[in-house]
Amino acid sequence: MTSIESIRVFVVAVRKGSLTVASRSLRMSNSTISRRISALEKELEVQLVDRTSRRFQLTEAGAAFLPRAEDALEAVALAEEAARSTR
C-alpha cells in the first residue's frame, strides 16, 4: 500500500523544484526524500521524476500522478479535520 507520507514528500519535492529545498521544508535529509520517492516509484512500478545532480523533472507519469496526489492529500486533510471536529 502506498504511503500517504511518501506521496506528501513527492508533492513537496516537485512543488519546491529540488530535493535540497524540499529537505529544508520537510526537515528531512536529501537521501530520505530520495528514498521515499524511490519507494513510491517502486510501489507504483513507474518512474515519476527524472533526477540527476542538476535536474529534478517530472516524467509523463509524474505529471499525471501529481494533481491526483494533491487531491488525495487534500482529502486526507479534510478527513482528519472532520474527525477532529467531532471531539
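Of the 87 residues in this chain, 30% are buried, where buried means under 20% relative accessible area, exposed means over 50% and partly exposed lies in between, with a 1.4 Å probe and protein chains only. Before going on, the provenance: this is a predicted model, so local features need pLDDT of at least 70 and side-chain atom pairs count only at pLDDT 80 or more, while totals for chains, interfaces and linings use all residues. Residues are numbered from 1 along each chain as its sequence is written, and side-chain values use heavy atoms, with hydrogens and water left out.

Now the layout. The chain has four helices and two strands, in the order α-α-α-β-β-α from the N terminus. Helices here are DSSP runs of H or I with at least four residues, strands are runs of E with at least two, and both are numbered from the N terminus. Along the principal axes, the C-alpha atoms fill a box of roughly 45 × 25 × 20 Å. Taking contacts between residues at least 6 apart in sequence, 45% join residues at least 24 apart; contact means heavy atoms within 4.5 Å.

Next, the core. Which residues touch the most other members of the largest nonpolar core? They are Phe10, Ile33 and Ile37, in a core of 21 residues. The elements giving two or more residues to this core are α1, α2 (19-26), α3 (30-44) and α4 (60-85). Helix α1 supplies the largest share, seven residues. By nonpolar core I mean buried Ala, Val, Leu, Ile, Met, Phe, Trp, Tyr and Cys residues joined through side-chain atoms within 4.5 Å. Leaving aside neighbours within four places in sequence, Phe10 is in contact with Ile37, Leu40, Leu48, Val49, Leu58, Gly62, Phe65 and Leu66.

Ser6 is in helix α1, residues 4-16. Ser6 is buried, at 7% relative accessible area. Not counting residues up to four places away in sequence, Ser6 touches Arg36 and Leu40.

On to charges. The whole structure has three salt bridges, each defined as a side-chain nitrogen of Lys or Arg within 4 Å of a carboxyl oxygen of Asp or Glu.

One joins the side chains of Arg8 and Glu5, at 2.7 Å from N to O. Arg8 and Glu5 are three residues apart in helix α1, so about one helical turn separates them. Arg8 is partly exposed at 33%, and Glu5 is partly exposed at 25%.

Another pairs Arg15 with Glu70, with 2.7 Å from N to O. Because Arg15 lies in α1 and Glu70 in α4, this pair ties together parts 55 residues apart in sequence. Arg15 is exposed, with 54% relative accessibility, whereas Glu70 is partly exposed at 25%.

There is also Arg51 with Glu41, whose closest N and O atoms are 3.0 Å apart. This pair links distant parts of the chain, with Arg51 in strand β1 (residues 49-51) and Glu41 in helix α3, ten residues apart. Is Glu41 buried or exposed? Glu41 is buried, with a relative accessible area of 10%, while Arg51 is partly exposed at 27%.

Last, Ala79, which lies in helix α4 and is partly exposed at 46% relative accessibility. Ala79 and Arg15 are 64 residues apart in sequence and 23 Å apart in space, C-alpha to C-alpha.
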